[in-house]
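Good morning. Today I will talk about charged side chains and how they pair. Please have a look at the model first.

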Amino acid sequence: MAALCSEFGDLVQIKKQLISVISLCKERGLLHSAKWASELAFALDPLPKNELPPSPPFTEEDAQDLDALTLAKSYFDLKEYDRAAYFLKGCCSQKAYFLYMYSRYLSGEKKKDDETVDSLGPLEKGQVRNEALRELRVELSKKHTAGELDGFTLYLYGVVLRKLDLLKEAVEVFVEAIHTLPLHWGAWLELSNLVTNIEMLKSLSLPDCWIKDFFMAHMYTELQMIKEALQKYQNLIEAGFSKSTYIISQIAVAYHNIRDIDQALALFNELREQDPYRIDNMDTFSNLLYVKSMKPELSYLAHNLVEIDKYRVETCCVIGNYYSLRSQHEKAALYFQRALKLNPRCLGAWTLMGHEYMEMKNTSAAIQAYRHAIEVNKRDYRAWYGLGQTYEILKMPFYCLYYYRKAHQLRPNDSRMLVALGESYEKLSQQLEAKKCYWRAYSVGDVEKMALLKLAKLHEQLNESDDAAQCYMLYIQDIFSCGEQLEHAEVSTALRYLGQYYFKNKLYDEASLCAQRCCDYNDAREEGKALLRQISQVRDQIETPSADLFAPLSNNNTPVRRVSPLNLISFTP
């Protein structure tokens with residue numbers, strides 16, 4: 001923390017740097033980077049007039065290109081990219097050259113997106129490419145070799161390489177761009193999309209600048225290292241960025257990723273109070289409302305965003321979630337398709353559309369949607385998990401295993417992935433692996449309370465009665481300890497098994513308790529009564545002293561194994 005404070009010691013200097021980079025990004029049409037820097041600058045105290053940074057130096061080349069640049073920028077702002085490029089051709093200044101190349105790049109992207117939307121259904125696998133990329137790469141490569149690219153043009157070169165799937169070269173160029181111009185957030189963000197694991201992150205040579213902490217916090221969130229991410233963001237808040245809506249939104253996303261839903265919802269509500277017209281991240285907020293089945297709140301959010309801007313990707317995703325919660329899956333899929341027409345690289349929309357097709361039992365469409373999501377971001381565990389579920393429906397366990405493994409690698413401590421893996425191993429008769437998965441799922445905090453049950457049933461099938469009893473016992477204690485309803489699906493199954501288990505091992509008091517509890521459940525009542533009759537008959541024949549629950553089983557026919565006591569008396573039906 002001390003090191004961080006020294007980096008952030010001069011918040012006035014940071015504010016000056018942000019004001020300068022906002023101006024540079026705006027001049028070049030890099031609106032998202034300008035917005036990010038503006039939001040951060042807004043979170044810091046205003047500067048007095050005499051502290052405001054001076055305008056960047058104006059060169060002879062800038063003066064020569066001024067008229068063409070002003071005209072081209074006006075066309076660029078109206079998305080007339082070809083027209084902007086035409087008037088910038090032959091300009092010499094760095095600023096004009098960047099805008100010239102960037103206009104050509106965006107023109108190609110716009111044509112590609114238009115063609116994708118016009119000629120293809122949302123799930124068609126199209127080979128539509130940005131035709132300008134190869135030419136841009138050749139030109140930028142020559143300039144790069146000659147050392148003539150500034151920080152912004154290096155960033156554009158990296159984007160071109162990434163689009164051409166030359167990922168190794170792209171990473172090197174983005175790192176170079178960051179060293180040349182550390183304050184351009186766009187370059188850091190592009191680099192973050194190419195970092196696949198923590199080892200790769202550690203191997204990067206990054207400049208020692210305050211913005212690196214924002215990048216590392218973002219990367220930790222992306223790599224599901226949520227504890228580290230939250231610590232970084234907390235440090236940033238303490239360093240002086242407590243008013244930053246960007247940091248609040250990132251912390252909310254981090255809590256969403258670890259399924260701490262209440263904490264995430266509280267932060268999103270705080271964010272909405274501070275920035276009521278914000279649309280960024282509202283699709284994540286709607287996911288949380290969906291999970292909690294908060295229909296009125298989700299309805300309000302959807303109506304609110306439609307009033308602000310109904311043609312934003314996030315708005316379409318929120319409406320899609322709203323219809324999905326109302327089980328109107330065709331309508332939901334329609335809105336996710338609309339989101340993808342607005343932005344074909346919208347990860348959330350591809351994944352959510354896959355979920356909707358699953359609900360509609362259209363497995364082939366679901367598979368295509370999930371595959372698109374993975375193409376956009378290979379770190380999207382939801383898409384890998386969705387593919388696993390789809391192949392499970394298709395009864396293809398080898399495929400399931402592959403996709404669930406991928407999801408588990410991305411979320412090693414998510415019990416849902418581990419339970420799914422265990423089920424796949426079980427179907428492939430790899431019982432030992434299945435047991436490991438179920439036990440691990442229980443150990444990391446089983447969110448769906450299914451791991452112990454599945455483990456118990458597996459032990460039961462393998463005639464490992466002591467282990468099965470132990471698991472059923474832990475399962476019941478787990479269910480009751482978290483205040484779940486007694487009607488929980490399988491409590492009666494566990495009580496039935498334990499009743500028989502104790503009866504076989506001549507622990508009649510415990511068997512009687514379990515049998516009495518069975519009578520609280522409709523599906524186990526008759527068996528409970530039958531067991532109580534059996535116990536009564538045995539007791540009539542031989543009077544036995546009350547067994548000590550804590551004592552190991554001493555019946556010659558069963559392995560000696562210590563079974564923890566089951567405190568059934570404290571359970572209230």
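Let us start with E172, which is partly exposed, at a relative accessible area of 48%. Keep in mind that this is a predicted model.

What does E172 form a salt bridge with? The partner is K168, and the closest N and O atoms lie 3.5 Å apart. K168 is exposed, with a relative accessible area of 64%; the cut-off for exposed is over 50%, so E172 at 48% falls into the partly exposed class instead. Both residues sit in helix α9, which covers residues 167–180. Because they are four residues apart in that helix, about one helical turn separates them.

Now a pair from elsewhere in the chain. K111 and D82 meet through their side chains in a salt bridge, at 3.1 Å from N to O. This pair links distant parts of the chain: K111 belongs to helix α6 (residues 94–119), D82 to helix α5 (residues 81–88), and they are 29 residues apart. K111 is partly exposed, at 48% relative accessible area, and D82 is partly exposed too, at 45%.

The next pair is E148 and K143, a salt bridge whose closest N and O atoms are 3.6 Å apart. E148 has a relative accessible area of 42% and is partly exposed. K143, at 27%, also counts as partly exposed.

Salt bridges can also join up. K35, D280, R312 and E314 are linked in a network of them.

Finally, how many salt bridges does the structure hold? The count is 28.

Technical notes. Residues numbered from 1 in each chain as written. Predicted model: local features only at pLDDT ≥ 70, side-chain atom pairs only at ≥ 80, totals over all residues. Heavy atoms only, no water. Salt bridge = Lys/Arg side-chain N within 4 Å of Asp/Glu carboxyl O. Helix = DSSP H or I, 4+ residues; strand = E, 2+ residues; numbered from the N terminus. Buried < 20%, exposed > 50% of the residue type's maximum accessible area, 1.4 Å probe, protein only.
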